Amino acid sequence: MKWTAAIRRLLLQGPAWVYELAIRLRIASYETRYLKPRRLKAAVVSVGNITLGGTGKTPLTQYIARYLSEEGYSVAVLSRGYGRASGGQLVLNAPAGAAAHPGDSPVELPWTATGDEPLLVARSLPRVPVVINKDRFAGGSWAERCLGSEVLILDDGYQHLRLARDLNLLLLDATDPFGGFRMVPFGRLREPVYAIRRADAVIVTRAHRPFDQGQLASIVKYFCGDRIPII
């Protein structure tokens with residue numbers, strides 16, 4: 001069994017290096033402005049993480065959307081709709097006359113057509129439109145034009161570098177904030193740890209559980225200095 005694990009690890013090492021190199025080059029292309037993110041007129045708030053698995057992105061997206069909506073802002077949520085079977089753009093909770101397809105609603109569409117997270121958000125916030133589009137810029141442009149959206153919340157948007165954002169919220173799971181400090185498949189990181197420096201604020205989830213607060217704060221400070229809050 002040990003030999004089998006060693007061989008499997010060896011076979012994965014090459015593709016893992018290639019994947020990590022591709023991710024690093026992509027990040028560098030945006031940091032050096034070789035590639036430039038596209039900006040929308042509406043304020044864009046991104047909620048995301050740097051590790052695989054749940055860190056509470058969707059509940060925080062719901063919280064922000066509900067709060068801003070209650071404060072009187074026209075809010076829409078932008079989602080890729082990960083894992084959905086359909087293509088193109090779908091809109092949940094669209095006002096009458098603004099739906100992308102006839103009958104778009106969280107009640108009538110199955111989760112397989114929308115993805116489970118957008119459907120969850122739409123059902124919990126029936127007055128907040130959820131725009132599902134792999135091209136978040138196109139979805140945001142539609143929301144500005146057809147819904148008059150003033151604030152767009154980008155659910156799971158930390159790696160979506162093509163869209164400029166005004167507030168970049170990074171969620172770290174207190175139980176495993178840095179994914180073993182290695183990228184997949186040998187760790188849980190979706191991108192290198194230094195990606196933390198793109199954050200405007202770090203929010204620690206599952207913080208009711210015991211964790212090394214000093215280590216987490218020191219790593220964030222190493223990459224970001226004292227410029228961002230840790231909440």
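At what angle do H2 and H4 pack, and how far apart are their axes?

Modeller: Happy to! A word on the basis: this is a predicted model, where local features need pLDDT of at least 70, side-chain atom pairs count only at pLDDT 80 or more, and totals for chains, interfaces and linings use all residues. Residues are numbered from 1 along each chain as its sequence is written, and side-chain values use heavy atoms, with hydrogens and water left out.

H2 and H4 pack at an angle of about 35°, their axes 10 Å apart; axes are lines fitted to C-alpha atoms, for helices over the stretch in contact, and angles run from 0 to 180 degrees between N-to-C directions. Thr58, Gln62 and Arg66 of H2 meet Glu117, Leu120, Val121 and Ser124 of H4, where contact means heavy atoms within 4.5 Å. An α-helix has 3.6 residues a turn, so residues three or four places apart point the same way.

H2 itself covers residues 57–70, helices being DSSP runs of H or I with at least four residues and strands runs of E with at least two, numbered from the N terminus. Its buried residues (under 20% relative accessible area, 1.4 Å probe, protein chains only) are Lys57, Thr58, Leu60, Thr61, Gln62, Ile64, Ala65 and Leu68. Covering them, besides H4 (116–124), are elements including strands S1 (43–48), S2 (75–79), S5 (151–155), S6 (167–173) and S7 (201–205). Just after H2 comes Gly72, with a positive phi of about 100°.

Conventions:
Expected span 1.5 Å × (residues − 1). Buried < 20%, exposed > 50% of the residue type's maximum accessible area, 1.4 Å probe, protein only.
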